[in-house]
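Hi there,

Here is the structure I promised to hand over. My notes on it follow just below.

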Amino acid sequence: MDQAARGAAALSASKYDEAIEHYTKAIAQSPGAVDYYIKRSTAYQRSSKYSEALTDAEKAVVLAHKRARRELIKDSQLRRGIALYFLGQYANAKFVFDIVKGMDDKEKTLAIWESKIATKLNAIAEGDEQRKVTTKSVPDVDVDTAPPSKKENKPADTPSASRPQLPPTPTEKPKHDWYQNNEQVTFTLLAKNVPKDKAKVEIETDSLDISYPLANGNDFNYNLLPFYGKVDPATSTYRITPTKIEVVLKKATPGVKWKTLEGELERVSEGIETAGGPIVDPDRAKTTTDAAPSYPTSSKTGVKNWDKLAAEEGEGDDNEGDETSRFFKSLYKGAGEDAQRAMMKSYQESGGTVLSTDWSSVGQRYVAPEPPEGMEAKKY
């Protein structure tokens with residue numbers, strides 16, 4: 001059992017000192033792991049070490065924002081708000097809980113904390129300094145994500161003339177490759193002469209970060225986020241040779257075939273902050289009518305723009321166009337907004353083989369093609 005697993009077991013058993021000890025060791029091994037800071041903050045808070053709990057929560061917030069992971073941002077902000085509450089910083093706690101609410105208003109513990117804070121703030125006079133917010137959405141704290149020093153047990157340095165000198169690390173972007181079997185995915189970055197003592201390789205459940213210094217003084221950074229599938233960081237390994245960095249990622253679910261290295265990532269806009277937290281990229285959050293999409297069709301007249309067809313309904317003869325067009329004109333015009341969205345999404349993603357008017361069914365999933373029996377779906 002690795003240190004993080006031991007920490008989780010101790011936390012579950014209310015052995016908070018043990019949990020803190022194990023998560024501290026886990027953080028030393030993986031200093032960029034957001035979840036370890038969140039869990040250690042929880043252990044600190046439950047053992048009444050509120051300042052330490054806040055410190056870990058703030059580090060978690062900073063790391064989560066760097067990774068642009070909405071769920072981690074929300075969880076770390078929630079832990080931060082709890083720590084602020086126990087430190088008596090009720091206005092700051094309310095500010096942070098408002099961020100959490102803006103990201104997930106269904107967070108099950110939020111109503112309890114809002115009620116507690118309201119009671120505390122109502123007891124503080126208007127104009128009192130304690131009612132002023134003095135914190136930021138993302139705290140100004142530095143987080144050292146460098147791996148543990150490997151110099152402690154090294155023998156004293158010998159004169160440089162007696163040591164072989166490696167050629168400088170090339171500055172051009174290295175190539176990479178990957179392959180897999182049922183148990184693991186092997187990723188190879190073809191980078192030559194990477195200094196082992198200065199390189200950083202961070203493996204997490206759904207991401208990989210590699211960085212090392214270049215000969216020109218700059219740093220090279222390579223990031224995979226998120227993976228196509230989950231991995232087990234505790235059993236994943238890496239090695240650095242004179243010609244490459246090889247990373248062996250153990251699949252969390254053996255036997256699942258990865259189609260690509262990376263999966264889909266829900267982006268969060270960077271640099272846009274409100275009291276409600278990060279704003280989802282508006283380009284992904286809205287559908288405009290400036291460039292209405294066209295969708296696959298079996299019609300001989302080509303692809304169809306159902307928005308345009310619906311708008312034209314009534315301007316001409318209802319019997320104009322082919323049978324498919326007339327059918328969709330009638331169905332689309334009489335449908336509600338959600339039903340129209342469901343029709344467009346299901347028809348587009350399925351290549352014209354599925355038509356649904358139930359947005360609750362198709363809105364949050366990919367609609368796979370369902371060709372008639374004996375036929376094969378083709379990509380448009």
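**Two serines in loops**

At 45% relative accessibility, Ser-14 counts as partly exposed (buried means under 20% relative accessible area, exposed over 50%, and partly exposed in between, with a 1.4 Å probe and protein chains only). Ser-14 sits in the loop between α1 (3-12) and α2 (16-29); helices here are DSSP runs of H or I with at least four residues, strands are runs of E with at least two, and both are numbered from the N terminus. The phi of Ser-14 is near 65°, a positive value in a residue other than glycine.

Ser-48 belongs to the loop between α3 (34-46) and α4 (50-67). Its phi is near 65°, again positive in a residue other than glycine, and with a relative accessible area of 48% Ser-48 is partly exposed.

Before you go further, please keep in mind that this is a predicted model, in which local features need pLDDT of at least 70 and side-chain atom pairs count only at pLDDT 80 or more, while totals for chains, interfaces and linings use all residues. Residues are numbered from 1 along each chain as its sequence is written, and side-chain values use heavy atoms, with hydrogens and water left out.

**Helix pairs**

α4 packs against helix α5 (residues 70-86) at an angle of about 155°, with the axes 8 Å apart. (Axes are lines fitted to C-alpha atoms, for helices over the stretch in contact, and angles run from 0 to 180 degrees between N-to-C directions.) That makes α4 roughly antiparallel to α5; angles under 35 degrees count as roughly parallel, over 145 as roughly antiparallel, 65 to 115 as roughly perpendicular and the rest as oblique. On the α4 side, the residues in contact include Tyr-50, Leu-54, Val-61 and His-65, and on the α5 side they include Leu-72, Arg-79, Leu-84 and Phe-86 (contact means heavy atoms within 4.5 Å). By class, the contact of α4 with α5 has twelve nonpolar, three polar and three charged residues. Ala, Val, Leu, Ile, Met, Phe, Trp, Tyr, Cys and Pro count as nonpolar, Asp, Glu, Lys and Arg as charged, and the others, Gly among them, as polar.

The axes of helix α6 (residues 90-103) and helix α7 (residues 110-122) come within 10 Å and cross at roughly 150°, so α6 and α7 are roughly antiparallel to each other. Among the residues that meet are Tyr-90, Phe-97 and Lys-101 in α6 and Trp-113, Glu-114 and Ile-117 in α7. The contact of α6 with α7 divides into nine nonpolar, no polar and four charged residues.

**The sheet**

Three strands make an open sheet in the order β3-β4-β5, with antiparallel pairing (two strands pair if DSSP finds at least two bridges between them). β3 (200-204) and β5 (219-224) are at the edges with a single partner strand each, so one side of each is left without a neighbour in the sheet. From one strand to the next, the twist averages 5°.

β3 and β4 pair over five bridges, and Ile-203 has Leu-208 in β4 as its bridge partner. Two residues separate β3 and β4 in their hairpin. Strand β4 (residues 207-213) is joined to β5 by six bridges, including Ser-211 with Asn-221, and Tyr-212 stands opposite Phe-220. The hairpin of β4 and β5 has five residues between the strands, and Gly-217 in that turn has a positive phi of about 95°.

How many of the seven residues of β4 are buried? Six are, so β4 is largely enclosed by the rest of the structure.

Best wishes
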